[in-house]
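Me: I would like to go through this structure term by term, asking what stands behind each label. Could you set each value against its definition?

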Amino acid sequence: MNAPGGPIPGGGSTATDETLRSRADGSAASPPRRDRNQQSEEQAPQRLRIEGVSVTFGALKALSDVSISVEPGHIHAIIGPNGAGKSTLFNVLSGLYSTSAGKVWLGNTELTSRRPHQITELGIGRAFQNIALPSHATVARSLMLGRHHLTRAGFLRTGLRLPSTIREQERHRARVREIAEFLGLGDLFDVEVSGLSYGDRKRVEVGRALATEPRVLLLDEPVAGMNATESSRMAGQLRAIRESLGVTILLVEHDMAMVMAIADRVTVLDFGTVIASGTPAEIQRDPDVIRAYLGSADGISKAPSDAPPTSWRDKL
Ligand SMILES: Nc1ncnc2c1ncn2[C@@H]1O[C@H](COP(=O)(O)OP(=O)(O)OP(=O)(O)O)[C@@H](O)[C@H]1O
Ligand SMILES: [Mg+2]
């Protein structure tokens, strides 16, 4: 594929015109391959381990002794009613909140002692529940924010417009264009985020997280505000990201049809504690989960391939 400015380095070199074009409608299953410039730092897949994590806000225990093991390459969903502690857990994983007890590990590296930018550098990328994009930035600029820690050129060199700096900027811009096209944002690349629909802004937020070249992607309600068609397109894109990049995805989502269709494992939080963990099928028939969501033990019986359990969504 040739983008403005020349052939795409890194991941783009393996993509074809056809795959990249077809990404615009979300039908393609091929996401941009991992940026080859980051491949030299590639390591063996690492398990994410959350061990006995508690977080308190004054008298409120937002998380109590939460332990979750996330297998590399899995799509692992974290579900639970409003206020269950899902975003708080993500804030711990990304270094924004400290724990009052417990630790988090990626492989042998402890994350809980590190600052947010160090955690990004270790390969944890996050898309926020509340969209965290500067409204006057374009889609391109917003995605470039995710590349900051990968940029070798400092501000001074960027200001001097050295040839090496310009080349580096072009490489990053080509990479984020590739990510934008994969997410169906190619036509909106130079449009300001403030002019986009909520669903498109959600997609940009996912793209910004993907632009960090993560090993583990934390997605906090990525399809909130999207219609069923858009949600199912995002589900296909998440599967493709996992298949092609080997990225582990931790997914917080209220859309149960999507969760049950794409998750390998599901962990259920309620009032800050883990009440169940298992495959989607196991979770759907777990009496504690049914009680937490529906207040009775007779609501979650349909398999994902059956009629989608949309009633779950209403209950959340
Ligand atoms: N910074 C904070 N200060 C005080 N309380 C907080 C803070 N962050 C979260 N909480 C509280 O912790 C609990 C868990 O909140 P959290 O945002 O993690 O829930 P959630 O599961 O993500 O909910 P939702 O599905 O509505 O997004 C809530 O009672 C919330 O009010
Ligand atoms: Mg939340």
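Reply: Let me start with the elements: helices (H or I, at least four residues) and strands (E, at least two) are DSSP runs, numbered from the N terminus. Just after one such run, helix 9, Gly246 takes a positive phi of about 70°. The model is a predicted one, in which local features need pLDDT of at least 70 and side-chain atom pairs count only at pLDDT 80 or more, whereas totals for chains, interfaces and linings use all residues. Residues are numbered from 1 along each chain as its sequence is written, and chains are lettered from A and ligands numbered from 1 in the order in which they are written.

Me: How many helices and strands does the protein have?

Reply: The secondary structure comes to 13 helices and 12 strands.

Me: What makes the length of helix 9 agree with expectation?

Reply: The expected span of a helix is 1.5 Å times one less than its number of residues. Helix 9 (residues 228-245) has 18 residues and should therefore span 26 Å, and its end C-alpha atoms are 25 Å apart, which agrees. For helix 7 (residues 163-182), with 20 residues, the first and last C-alpha atoms are 29 Å apart, close to the 28 Å expected. Helix 7 is followed by Gly184, whose phi is positive, near 80°.

Me: What is Arg114 in contact with, leaving aside its neighbours within four places in sequence?

Reply: Two residues are in contact if their C-beta atoms, placed from the backbone, lie within 7 Å, and on that basis Arg114 is in contact with Gly95 and Ile119.

Me: Which residues surround ligand 1, and what are they like?

Reply: A residue is near a molecule if its C-beta atom, placed from the backbone, lies within 6 Å of it. Among those surrounding ligand 1 are Phe57, Asn82, Lys86, Thr88 and Gln129. Ala, Val, Leu, Ile, Met, Phe, Trp, Tyr, Cys and Pro count as nonpolar, Asp, Glu, Lys and Arg as charged, and the others, Gly among them, as polar. By that division the shell has four nonpolar residues, seven polar and one charged, and its largest share, three residues, comes from helix 3.

Me: How do you know that strand 3 and strand 6 pair?

Reply: Two strands pair if DSSP finds at least two bridges between them. Strand 3 (residues 48-57) and strand 6 (residues 101-106) are joined in the antiparallel sense over five bridges, and Ser54 has Ala101 in strand 6 as its bridge partner.

Me: Which strands stand at the edges of the four-stranded open sheet, and why?

Reply: The order is 4-3-6-7, with antiparallel pairing. Strand 4 and strand 7 stand at the edges because each has a single partner strand, so one side of each is left without a neighbour in the sheet.
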